[in-house]
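Colleague: Could you walk me through this one? I would like to look at it with you.

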Amino acid sequence: MSAFVYNRRVRDAFWQVAVWAAVVGLIAYFVRNASENMAKAGIASGFDFLGRTSGIELPFLLTRYTPQSSILDLLWAGVVNTMTVAFIAIVAATLLGFALGIARLSRNWLLSSLAGGYVEVVRNIPVLFFVLFWYFAVIAALPGPREAIGIFAVAFLSNRGLTVPTPLATGAFAAAALASAISIAAQFVLAAWVRHRRNRTGRGFPLWTSGAVLIAGVPLVAFAAAIAATPWDTPVLRGFNYRGGFVLIPEFVALVAALATYAAAFIAEIVRGGILAVPKGQLEAARALGLGPGQVLRLVVIPQALRVMVPPLTSQYLNVLKNSSLGAAIGFPELMNVFVGSALNITGQAVEIIAITLAIYLVIGLAVSALMNWYNAKVALVTQ
Amino acid sequence: MFIRGAVLGAAVMGLLPAVALAQQLAPSPTLDAIKARGHVECGVHLGLPGFSFANDKGEWSGIDVDFCRAVAAAVLGDAGKVKYTPTSVQQRWPVLQSGQVDLLSRNTTITFSRNASLGVNFQGINFYEGQTFVVRAKSGAKEPKDLDGAAICVAAGSTEEKTAADWYAERKLKVTIVNFQKNDDAIAAYDAGRCDAYTAGLGALAGQRIKLKQTGEHVIMTETISNDPQGPVTRQGDERWQAVVRWTLNGMIAAEALGVNSRNVDEMKAKSANAEVRRLLGVEGNFGQLLGLSDDWIYQVVKQVGNYGESYERTVGMGSPLKLARGKNELWTKGGLLYTPPFQ
């Protein structure tokens with residue numbers, strides 16, 4: 001018996017089970033307590049509200065949501081908007097952050113102090129202020145719809161957003177994409193054949209010319225033909241605003257710009273730290289081998305710096321995701337705005353709505369973490 | 001033995017009045033809590049001139065704030081004993097439901113679904129509101145239907161958001177509705193040119209208009225697209241507290257109907273021969289005690305805050321920058337909708 005109690009595996013299993021039971025029990029207690037108290041106070045509870053008609057108009061949509069759709073569809077529209085903004089902002093912030101981080105290490109005094117100044121200023125501004133600043137800067141910079149800036153008379157830029165034409169049918173585009181894919185594949189097949197023949201006979205082939213035709217020319221012609229063949233919903237100024245087409249609203253542009261330029265300042269410092277963490281001897285050795293400055297950066301510095309950079313980068317990406325909720329302050333219909341803002345007020349079911357929103361942020365956040373951890377494992381030093 | 005019995009008897013005798021009183025009154029945890037802490041916790045708007053607005057010294061004023069003060073005067077005998085909790089459109093319900101405030105008095109529209117699913121009760125109407133729009137004068141829009149194609153800024157989660165969407169959908173007109181977290185954010189975006197119109201209640205707009213940079217360039221439409229009766233809100237349960245809130249509002253309206261105001265209230269209390277006035281001001285009957293208050297509760301309200309009409313004129317009416325006519329918010333005898341059950 002005592003052998004059983006002192007068995008290490010038994011004890012480990014016991015503690016695992018005990019901790020899980022405590023956590024589950026605690027959650028169950030809170031859920032029960034909340035639902036009992038809500039029932040006592042006459043507050044509606046449950047998740048039935050998700051099936052109700054929402055009746056909320058959204059100014060920016062990537063899903064097929066309409067005000068006649070259910071609140072669940074409203075939630076999904078918000079999630080898609082949040083993920084779109086976060087994804088674009090993360091990509092832009094990474095590019096800008098890398099450029100700034102490398103610029104800060106430049107031997108050019110002007111470049112490095114400009115990058116340093118940017119980082120210091122942006123890092124010390126509260127992010128909400130930054131979002132509002134971008135928003136009002138974007139709106140103020142653009143003219144009203146009647147004085148909109150026309151782009152080839154089909155797209156129009158005003159303080160109501162960038163209105164672009166939308167295709168009314170997608171068939172021609174699918175055909176063009178297929179033609180392009182076949183054409184690009186043909187170039188690869190051709191390249192393989194040319195290599196094979198050169199190895200055998202030594203005869204050359206104008207591969208660059210064929211590449212220009214097959215990779216650039218054919219898709220260009222195919223898409224141009226598709227554009228011409230497709231009927232378009234072109235925006236027209238009527239009354240207050242442009243009708244038709246798709247509107248990229250200023251809230252979207254402002255939010256992406258604010259999140260990207262804000263996170264870029266932090267990413268720049270992570271990049272700088274990562275590069276400085278590469279031992280000097282590595283650089284000297286690389287130069288001694290005769291590698292050029294670009295090659296040193298690409299083949300020696302970046303691969304080693306990435307190992308240091310990836311974990312803090314993950315935190316920054318998660319920050320961008322979470323800060324996207326500030327879109328609520330400038331009227332961008334992301335998750336917080338449509339769900340915790342509008343849906344909460346038409347249903348009043350605060351506990352359920354906050355719980356769902358938390359769960360969604362958690363799931364997206366954990367997915368980003370998992371992806372970054374996978375990447376981290378890939379770039380990590382392989383040790384025995 | 002005899003001594004012990006006498007002590008017990010005396011103790012029982014001493015307890016009797018307390019027991020009798022407790023039996024008369026239903027328990028009211030909210031009233032008890034207010035009396036114990038010495039002030040009323042009142043949920044108001046973040047800042048809406050004429051309704052709830054804090055000046056640069058942090059002093060609150062407005063018709064909704066006046067009602068908070070009236071409740072404090074009725075319960076504690078001092079209109080100043082109020083702690084204001086500014087709430088956004090979205091915060092107001094959790095703040096009330098969780099018990100953080102005793103009542104909400106912040107131009108909140110009475111709707112069926114709020115009453116049925118939020119665990120709250122509406123205690124009467126202190127402002128008959130109707131939704132309309134503010135537009136730039138040069139846009140040429142005169143009525144709500146002229147806004148076809150327009151972008152409209154609104155606070156997310158307000159009744160206005162849904163009313164506007166419903167109203168334009170019904171008429172097959174296309175508008176773009178941009179939702180902001182706070183009224184002020186929506187107004188700022190409208191002012192910056194993001195939207196062609198900002199929508200809110202007619203009275204609220206009269207107050208919010210001063211937040212626009214060039215006030216003269218904007219016009220408020222006179223046609224309304226909704227009925228938005230607004231009034232104080234309490235949690236469900238605690239019936240006695242709900243009655244206090246409801247009858248404080250009724251008392252303010254009754255005082256106006258009976259000609260009692262802050263200037264003549266002392267004279268009325270001393271000399272009025274009208275039985276209802278005498279009951280209202282606590283000269284006759286024990287109406288205050290029936291709710292667990294002092295009998296002069298409405299006297300204190302009228303003396304310190306004024307009757308409904310005085311409060312209206314001072315905050316949103318002709319005595320204020322908003323200059324709103326009484327309109328529907330006039331006594332029924334003078335063509336308005338205000339009508340109160342008798343103090344009998």
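Colleague: How many salt bridges does the rule find across the interface of chain A and chain B?

Modeller: This is a predicted model, where local features need pLDDT of at least 70, side-chain atom pairs count only at pLDDT 80 or more, totals for chains, interfaces and linings use all residues, and side-chain values use heavy atoms, with hydrogens and water left out. Residues are numbered from 1 along each chain as its sequence is written, while chains are lettered from A and ligands numbered from 1 in the order in which they are written. A salt bridge here is a side-chain nitrogen of Lys or Arg within 4 Å of a carboxyl oxygen of Asp or Glu. By that rule, the interface of chain A and chain B has two salt bridges.

Colleague: Which residue of chain B forms a salt bridge with Arg160(A)?

Modeller: Look for the closest N and O atoms of the pair, which are 2.8 Å apart. The partner of Arg160(A) is Asp196(B).

Colleague: Which element gives the most to the side of chain A that touches chain B?

Modeller: Helices (H or I, at least four residues) and strands (E, at least two) are DSSP runs, numbered from the N terminus. Those giving two or more residues to this side are α5 (127-141), β7 (241-243), α8 (250-276) and α11 (335-347) of chain A. With seven residues, the one that gives the most is α11(A).

Colleague: What area is buried between chain A and chain B?

Modeller: Buried area is the accessible area (1.4 Å probe) that two parts lose on being put together, summed over both. Carbon and sulfur atoms give 52% of it here. On the side of chain A, Glu57(A), Phe240(A) and Asn345(A) lose the most, together 24% of what that side buries. The area for the two chains is about 2900 Å².

Colleague: Within chain B, how far apart are the centres of domain 1 and domain 2?

Modeller: The bounds, from an automatic or database domain assignment, are 29-128 + 230-334 for domain 1 and 131-226 for domain 2 of chain B. These two domains bury about 1100 Å² between them, and the count of salt bridges between them is zero. Taken over C-alpha atoms, their centres are separated by 29 Å.

Colleague: How many of the residues of α3(B) are buried?

Modeller: Buried means under 20% relative accessible area, exposed over 50%, partly exposed in between (1.4 Å probe, protein chains only). This helix spans residues 63-76 of chain B, and its buried residues include Ile63(B), Phe67(B) and Val75(B). α3(B) is mostly covered, and the count is 12 of its 14 residues.

Technical notes
Expected span 1.5 Å × (residues − 1).
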